[in-house]
Amino acid sequence: MLRSYTAADALTIGNASCGTIAIFLCLDYLASANPRLLWYAFILLPAALVCDVLDGIVARTLETRQSVLGGDLDSLADVISFGVAPAVVGYTLGLRGGWDVLCLTYLVVCGVSRLARFNVTAAALADSTTGKVKYFEGTPIPTTIAIVGMWAVAFALGHTGERVWFGVVHVGPWMLHPLALLYAASGSAMISATLRVPKP
């Protein structure tokens, strides 16, 4: 299987590796409270984005053969780095109420759904002459890096845990940090059928 990977696929594996290690660092931070671990996680997720951008560039400009695995591999890596990892960052830094967890899960499920839809419809959305997809339906899943950036600022300012921005409210049986609604909004934007974002 490794012999079938192209250079672009290797970058995609780098994307998935950065996201996975970021998740492990968050778990280690919960166990040790060592802030350096979380800063490493904050650095690894933009690094995953760099790998994600480069794999597309390499595939389009340098590859002499098309990777059969490429598209699906890219989507699976994106789910880890831009779906699960940002959700884990939110949980790590204080979004642990019942409603919070539903919002975090919703983001991941929307990311999975959005990527599956793209994989199925990419051929239909592609330009007939260039073969390139002209636009995304819904926001691309890597836009969750903006949420990770927000958390990095909050962490630097000490607004995590009990001091999460906008506080916490009791809604029915569970607690909700209003900040968790940002995850729900991001997920909803991903699966929007009417929102079209030009593809670079």
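Predicted model: local features only at pLDDT ≥ 70, side-chain atom pairs only at ≥ 80, totals over all residues.

Colleague: How far apart are the end C-alpha atoms of α3?

Modeller: They're 31 Å apart. Helix α3 covers residues 70-92, and at 1.5 Å a residue its 23 residues should span 33 Å, so the two values agree.

Colleague: Where does α3 bend?

Modeller: At A85, by about 30 degrees. There's a proline, P86, following within four residues.

Colleague: And what follows α3?

Modeller: G94, with a positive phi near 130 degrees.

Colleague: Switching topic: is T144 buried or exposed?

Modeller: T144 counts as buried because its relative accessibility is 0%. You'll find T144 in the loop between β1 (135-137) and α5 (145-157).

Colleague: Which residues is T144 in contact with, leaving aside its neighbours within four places in sequence?

Modeller: F82, P86, L107, S186 and M190.

Colleague: OK, charges now. How many salt bridges does a search of the whole structure find?

Modeller: One. The side chains of R117 and E137 meet there, at 3.7 Å from N to O. That pair links distant parts of the chain, with R117 in helix α4 (residues 98-125) and E137 in strand β1, 20 residues apart.

Colleague: Why does R117 count as partly exposed?

Modeller: Because its relative accessibility is 22%. E137 is buried, with a relative accessible area of 17%, and the cut-off for buried is under 20%.

Key. Residues numbered from 1 in each chain as written. Heavy atoms only, no water. Helix = DSSP H or I, 4+ residues; strand = E, 2+ residues; numbered from the N terminus. Expected span 1.5 Å × (residues − 1). Bend = angle between axes of the 7 residues up to and from the residue. Buried < 20%, exposed > 50% of the residue type's maximum accessible area, 1.4 Å probe, protein only. Contact = heavy atoms within 4.5 Å. Salt bridge = Lys/Arg side-chain N within 4 Å of Asp/Glu carboxyl O.
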